[in-house]
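Work through the exercises below with the sequence and the 3D structure at hand. Each task is followed by a solution in steps.

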Amino acid sequence: MLKMGFRWFGADDDPITLQQIRQIPGTKQVVSALYDIPAGEVWPLERIQALKKQIEDAGLKFEVVESVNIHDDIKAGRPKRDEYIANYQETIKNLSKCGIKVICYNFMPIFDWIRTNLAYPLHDGSNAMEFEFEQLSDDPHELLESMKKGSNSYSLPGWEPERMAQLAKLFDEYAGMTGDQLRANLKYFLDAIIPTCEKYGVKMAMHPDDPPFNLFHLPRIYKNREDMEKIMLLHDSPYNGFTICTGSLGENPANDLPSIIREFVKKDRVPFMHTRNIKFTNERGDFHESAHLSTEGSLDMFEIMKALHDCHYDGYIRPDHGRNIWGEKGRPGYGLYDRALGITYLEGLWEALEKDY
Ligand code: DNO
Ligand code: MN
């Protein structure tokens with residue numbers, strides 16, 4: 001049985017209700033977070049307990065948190081990092097008291113994932129997020145303008161107006177930083193928190209950089225298999241794990257997802273999976289996100305699920321982004337319908353794999 005989850009942004013911020021999530025066949029887990037707590041601060045126990053209660057009262061489970069974001073002082077290796085790391089340890093402890101088993105996080109400087117259009121029209125009248133190299137400029141403010149084209153009031157995480165206002169300062173902090181330096185800062189962080197994770201039984205699951213290449217002259221360190229091996233060796237423990245996001249890693253056609261999955265699931269380093277498909281639109285590698293089906297995108301979802309199945313995957317999984325379909329207006333990529341369709345498709349593939357055992 002897949003430990004299938006659905007990402008939920010909380011009662012105040014998500015137009016989707018827990019009652020709706022509960023009606024998606026096969027879905028038992030809600031993946032959520034305290035989204036209003038700024039990176040670096042401790043997540044109070046009572047707040048996590050309240051979120052857990054809400055989810056459990058709706059008949060669902062809460063065992064995976066996405067994300068506990070990392071303060072830029074930790075990523076940039078600034079003096080205040082020790083204070084933020086101590087807070088992170090406290091958060092791990094509090095999450096563990098509430099039964100959380102996995103924390104998804106990312107280690108991308110300044111920004112989280114990036115698209116150039118949040119509402120790209122697809123041939124069937126739906127829309128999805130898109131990435132076009134030509135729209136990228138060296139100035140993130142210009143990119144923000146292009147991103148907003150045609151979309152509603154949502155912005156991607158990391159692109160909120162408050163953060164855009166302090167961008168110059170943040171870029172200064174990373175000026176000249178290499179991948180090795182960023183990796184050293186990750187090691188410093190992992191060496192401090194993994195013993196806490198081991199003690200409290202919470203696994204870390206680092207999310208790939210998206211897209212998986214350097215942007216705005218900022219280093220990115222989880223782009224491919226080689227990067228994963230380096231990260232694994234920074235602190236060798238099953239608690240130092242990965243989220244394998246098929247969409248993010250798949251944005252580089254050189255990444256062989258089934259083989260990456262087989263290698264790292266066998267090594268017990270994959271507590272969490274994100275599955276979604278993308279479709280390349282030209283040789284340069286521009287792409288848009290697509291429905292989960294292999295026939296709708298460039299990734300072979302059957303081979304991905306087969307790799308998981310062959311390795312007896314027993315971690316958590318969720319459909320990542322979907323298209324916005326059937327007139328749905330909410331948060332780009334995080335509508336109800338297409339993600340629910342994604343789940344039933346993944347469950348179908350899984351059932352077929354199980355029966356053929
Ligand atoms: C992209 C998404 C991201 C992810 C965060 C994890 O593929 O899954 O929003 O949740 O980067 O920290
Ligand atoms: Mn993802």
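A residue is buried if 20 or more other C-beta atoms lie within 10 Å of its own, exposed if 12 or fewer, and partly exposed in between, with C-beta atoms placed from the backbone. The model is predicted: local features need pLDDT of at least 70, side-chain atom pairs count only at pLDDT 80 or more, and totals for chains, interfaces and linings use all residues. Residues are numbered from 1 along each chain as its sequence is written, while chains are lettered from A and ligands numbered from 1 in the order in which they are written.

**Exercise 1.** Classify threonine 116, histidine 217 and histidine 312 as buried, partly exposed or exposed.

Step 1. Threonine 116 sits in the loop between β4 and β5 (117-121); helices (H or I, at least four residues) and strands (E, at least two) are DSSP runs, numbered from the N terminus. Threonine 116 has 19 C-beta neighbours inside 10 Å, so it counts as partly exposed.

Step 2. Histidine 217 belongs to the loop between β7 and α9. With 11 C-beta neighbours inside 10 Å, histidine 217 is exposed. Its phi is positive, about 60°, although histidine 217 is not a glycine.

Step 3. Histidine 312 lies between α12 (301-310) and β12, in the loop. It has 8 other C-beta atoms within 10 Å and is exposed. Phi of histidine 312 is also positive, near 55°.

**Exercise 2.** Find the order in which the strands close into a barrel.

Step 1. Strands pair if DSSP finds at least two bridges between them. Eight strands close the barrel in the order β1-β2-β3-β4-β7-β8-β9-β12, with parallel pairing.

Step 2. Neighbouring strands of this sheet are turned by 30° against each other on average, direction ignored. Axes are lines fitted to C-alpha atoms, for helices over the stretch in contact, and angles run from 0 to 180 degrees between N-to-C directions.

Step 3. Check some pairs. β4 and β7 share five bridges, and valine 102 stands opposite lysine 203 in β7. β7 is joined to β8 (residues 240-245) by three bridges, with methionine 206 partnered by phenylalanine 242. Four bridges link β9 (residues 272-275) to β12 (residues 316-319), where histidine 274 has arginine 318 as its bridge partner.

**Exercise 3.** Decide whether strand β7 is enclosed or open.

Step 1. Five of the five residues of β7 (residues 203-207) are buried, so this strand is largely enclosed by the rest of the structure.

Step 2. Look at each face of β7: Lys203, Ala205 and His207 are buried on one side, Met204 and Met206 on the other.

**Exercise 4.** Describe the residues around ligand 1.

Step 1. There are 14 residues around ligand 1, and Ser67, Asn106, Asp112, Trp113 and His207 come nearest; a residue is near a molecule or strand if its C-beta atom, placed from the backbone, lies within 6 Å of it.

Step 2. β4 (102-106) gives the largest share of this shell, three residues.

Step 3. The shell divides into four nonpolar, six polar and four charged residues. Ala, Val, Leu, Ile, Met, Phe, Trp, Tyr, Cys and Pro count as nonpolar, Asp, Glu, Lys and Arg as charged, and the others, Gly among them, as polar.

**Exercise 5.** Locate two cis peptide bonds.

Step 1. The bond from glutamate 66 to serine 67 is cis, with omega near -10°. Serine 67 is in the loop between β3 (61-66) and α3 (72-75).

Step 2. The bond from aspartate 210 to proline 211 is cis too, with omega near -5°. Proline 211 is in the loop between β7 and α9 (225-234).
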